[in-house]
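Me: I would like to learn how to read a structure of this kind, feature by feature. Could we take it slowly?

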Amino acid sequence: MSVRVRFAPSPTGVLHIGSVRTALFNWLFARHNGGKFLLRIEDTDKMRSTDENTKLIFEILEWLSIDWDEEAVIQSERIAKHKEVAENLVLTGGAYYCYCSPEELAVKKEAALKSGKSYKYDGTCRNGDRIAEGVNPVIRLKSEITGTTTVRDLVQGDVTVENSQLDDLVLLRSDGTPTYMLSVVVDDHDMGVTHVIRGDDHLTNTFRQVQIYRACGWSEPQFGHIPLIYGPDGAKLSKRHGAVSAVDYRELGYLPETISNYLLRLGWSHGDDEIISQSQAIEWFDLASVGKSPARFDMKKLQNLNAHYIKQRDNESIFEYMQLFFRREVDDAQREMIMQGMQAIKERAKTVVDLADAAMVYVRAPIEYDDACNTYATKMHIDLLEEVIGMIKDIPEPIGEDEVCNAVKELATKNNVKLVEIAQSIRGALCGKLVSPSVFQIISIIGKKETEKRINSFIHEKRTNS
RNA sequence: GUCUCCUUCGUCUAGGGGUCUAGGACACCGCCCUUUCACGGCGGCAACACGGGUUCAAAUCCCGUAGGAGACGCCA
């Protein structure tokens, strides 16, 4: 039987980075096994689901080159089917109507909590002999109360629980809508899902779901519960840890290949390999190598990987991506200059945002000067800059990097100062800060006129200030 | 509280009885390169949670303990 897996996100919030990993693992598993990767949007909570979130799910998957097979299933369109299954189950004796009101249940729950016991539905209506007038009943599963249930989990191994720990879960709410537990089982069955790979927060739900499969007389899929991603403090990754949505990472300037590679290595490994391409991932991926222990999200390692993939990308494609982060129009001439400086700025960038930022030195004069520049703006430096301007005038255009470099070195020797003194003051004048690619490279790219203009502005600014 | 799962450097991990004085990567520190910052190169620091077994031999197998996490909804 060929493999069919699914990714079933709920559009009640922005797609969590942990969900993205679940999608990735499912996709890799399907592609590795030559099976199908299906998508199902679990939008039954109409109050909290939004079209915007649904759109983002598609968008992020496409961004990560995670393609799905067949048409995405919209869960809310299948409610009638879920309902039918629940009602059939009542007919076959696998489920029953329960007339206990939420208020009654709340009282019992409170009492259980008070006496220090864990709450479980007590089965008041289980025999079907109780009907309360004027109450819309729910449908509950008549689950096994003796024996044990074992899930042979592909990641976690065999996990067994006493059936007495489980209670009769609600399948259909009093308003006639199906619960999550029912919907997942019915949909997975109807979609022919063979392997359910999801976060291990669902592991204990699995026992309940298995009971539903059995009550319906359906064969169960295989399960693989992968550990969740935690924040740096070891708790479930959440908003307070910073970026949690996949969209956030895109906006922070991370490349899709970075995200895939990083997420894959979180909890899964292939020997000592760190840099893994998508095709290698497909070739190597297996559930057996997924670790059982949860992994913490490490932003530093993500950045390092991103820096690696930025260097890997060709200039054209990275420029396209950078444009999302430019806060101004970039004309063809400017584009040309950025392209010339690309290699230099790629080496320094951790994110595409860094890259877009760094590219600005080729595009425009500094908007303001960092305080640090003052160290290289003493009278001596200003005088030296005057000389630099004179010196540059003598060099014919187009001005070469080595030429300026040699000329400035000569100037340094002549004035008996270290090269760093002149280079840094030029840097301050050209960039407004003391960190940038080679100043000689910048001069050769932006040209004589622009160099002169920027240095003059700097001199003017620093003279009037002092 | 009950149930379930987890536990190797700060972090991600390799390892599946002897090849482990525990390997790699990120981070950190130092040196080299150098006009700054990076990049790159070289080197360093740093871990088998604890306690009992089993065995000639345990990071590896078993049992406890401790710690952590998740699940216990008419949410998904």
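**Reading loops, a helix and an RNA surface**

Reply: Glutamate 70 has a relative accessible area of 46%, so it counts as partly exposed. Keep in mind that this is a predicted model.

Me: Where is glutamate 70 found?

Reply: Glutamate 70 sits in the loop between H2 and S3.

Me: What should I look at in the backbone there?

Reply: Look at phi. Most residues other than glycine have a negative phi. Glutamate 70 is not a glycine, yet its phi is positive, about 60°. Serine 65, also not a glycine, has a positive phi of about 60°. Serine 65 belongs to the loop between helix H2 (51-63) and strand S3 (73-74).

Me: Is serine 65 buried, exposed or partly exposed?

Reply: Serine 65 counts as partly exposed because its relative accessibility is 41%.

Me: How do I check the length of a helix, for instance H13?

Reply: Compare the expected span with the distance between the end C-alpha atoms. Helix H13 covers residues 352-363, and at 1.5 Å a residue its 12 residues should span 16 Å. The end C-alpha atoms of H13 are 17 Å apart, which agrees.

Me: Which residues of H13 are buried?

Reply: In an α-helix there are 3.6 residues a turn, so residues three or four places apart point the same way. In H13 the buried residues are Val352, Leu355, Ala356, Ala359, Met360, Val361, Tyr362 and Val363.

Me: How many residues surround RNA strand B, and which are the closest?

Reply: RNA strand B is surrounded by 62 residues, and the closest are Tyr230, Gly267, Arg348, Arg427 and Ser436.

Me: Which parts of the RNA does the protein approach?

Reply: Count the atoms by type. Of the atoms of RNA strand B within 4 Å of the protein, 69% are sugar or phosphate, and the rest belong to bases. Individual contacts show each kind. A backbone N or O atom of glycine 267 is 2.5 Å from a phosphate oxygen of RNA strand B. Serine 438 places a polar side-chain atom 2.5 Å from a base oxygen of RNA strand B.

Me: Which elements give two or more residues to the surface near RNA strand B?

Reply: Among them are helix H4 (102-114), strand S7 (157-162), helix H10 (299-312), helix H16 (419-431) and helix H17 (439-465). H16 gives the largest share, 5 residues.

Key. Residues numbered from 1 in each chain as written. Chains lettered and ligands numbered in written order. Predicted model: local features only at pLDDT ≥ 70, side-chain atom pairs only at ≥ 80, totals over all residues. Heavy atoms only, no water. Near = heavy atom within 4 Å. Polar contact = N/O pair within 3.5 Å; in protein donor to acceptor, adjacent residues only side chain to side chain. Helix = DSSP H or I, 4+ residues; strand = E, 2+ residues; numbered from the N terminus. Expected span 1.5 Å × (residues − 1). Buried < 20%, exposed > 50% of the residue type's maximum accessible area, 1.4 Å probe, protein only.
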